[in-house]
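Work through the exercises below with the sequence and the structure in view. Each task is followed by a solution in steps.

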Amino acid sequence: MNENSLELQSGCAVRPASEQDMKSIRRLVWSAKLDPTQLRWEQFWVIECEGKLAACGQLRNFAGAQELGSLVVAKDWRDRGLGSYLTKYLIQQATEPLYLECLGSRLASFYTRFGFTEVSVQELPQSLKFKFGLSQLAKTLFRIPVTIMQYQAGF
Ligand SMILES: CC(C)(COP(=O)(O)OP(=O)(O)OC[C@H]1O[C@@H](n2cnc3c(N)ncnc32)[C@H](O)[C@@H]1OP(=O)(O)O)[C@@H](O)C(=O)NCCC(=O)NCCS
């Protein structure tokens, strides 16, 4: 897949989430063992394929920053470009400097493709320091491989 293209396969469409999607979003987030808190449908976008919710992702709002989070593609729909599409789509929707945290080097290299680079807690805006700082503490205490990344526009 071309990393710069923004094309969705036929039968699939991206749209802002609605309240009715919340159950499916929760199911997707739980299935991927991602943070089940702060799931507000108003912040989500979803990809619907053949009438089913195939992927979701959100932009959480902080003062002067946003976090790309809860990116999940349903198992049956993985490896077909939906995760890449939604990542690029959310980057386009972002209106503030964009950050994320992810687990493991495989995911970090996935996000690198789209222009995210690793940053330290010290480089974060104040509004994100507490939340992401906690993850860094977990990283240190429990050796959890958390990576904090920032989207570098025009990379
Ligand atoms: C990560 C994820 C969103 C990718 O979605 P996808 O639609 O399968 O991805 P795409 O088809 O666009 O891209 C495939 C690429 O994603 C990467 N990828 C696929 N599954 C992955 C996984 N579990 N972890 C990390 N990277 C993964 C691969 O590197 C693959 O690369 P390739 O093109 O060289 O083979 C999807 O695997 C998923 O929902 N995982 C569980 C939830 C999760 O970890 N979300 C990220 C939270 S930070």
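A residue counts as near a molecule or strand if its C-beta atom, placed from the backbone, lies within 6 Å of it. The model is predicted: local features need pLDDT of at least 70, side-chain atom pairs count only at pLDDT 80 or more, and totals for chains, interfaces and linings use all residues. Residues are numbered from 1 along each chain as its sequence is written.

**Exercise 1.** Describe the shell around the ligand.

Step 1. The ligand is surrounded by 16 residues, and the closest are Ala 32, Arg 78, Gly 83, Ser 84 and Cys 102.

Step 2. Sort the shell by residue type. Ala, Val, Leu, Ile, Met, Phe, Trp, Tyr, Cys and Pro count as nonpolar, Asp, Glu, Lys and Arg as charged, and the others, Gly among them, as polar. The shell then holds 9 nonpolar, 3 polar and 4 charged residues.

Step 3. Find the elements involved. Helices (H or I, at least four residues) and strands (E, at least two) are DSSP runs, numbered from the N terminus. At least two shell residues come from each of β4 (65-73), α2 (82-93) and α3 (105-112).

**Exercise 2.** Determine which residues of helix α1 (residues 22-31) are buried and which are exposed.

Step 1. Apply the cut-offs: a residue is buried if 20 or more other C-beta atoms lie within 10 Å of its own, exposed if 12 or fewer, and partly exposed in between, with C-beta atoms placed from the backbone.

Step 2. Ile 25, Leu 28 and Val 29 of α1 are buried. Viewed down the axis of α1, its buried residues fall within an arc of 95 degrees (taken from the directions from the helix axis to the C-beta atoms), so they line one face of the helix.

Step 3. Recall the geometry: an α-helix has 3.6 residues a turn, so residues three or four places apart point the same way.

Step 4. Lys 23, Trp 30 and Ser 31 are exposed on the other side of α1. Just after α1, Lys 33 has a positive phi of about 55 degrees.

**Exercise 3.** Examine strand β1 (residues 12-16) and its partner.

Step 1. Of the 5 residues of β1, the number buried is 0, so the strand lies largely in the open.

Step 2. Two strands pair if DSSP finds at least two bridges between them. β1 and strand β2 (residues 44-49) run antiparallel, joined by 5 bridges.

Step 3. In this pairing, Pro 16 stands opposite Trp 45 of β2.
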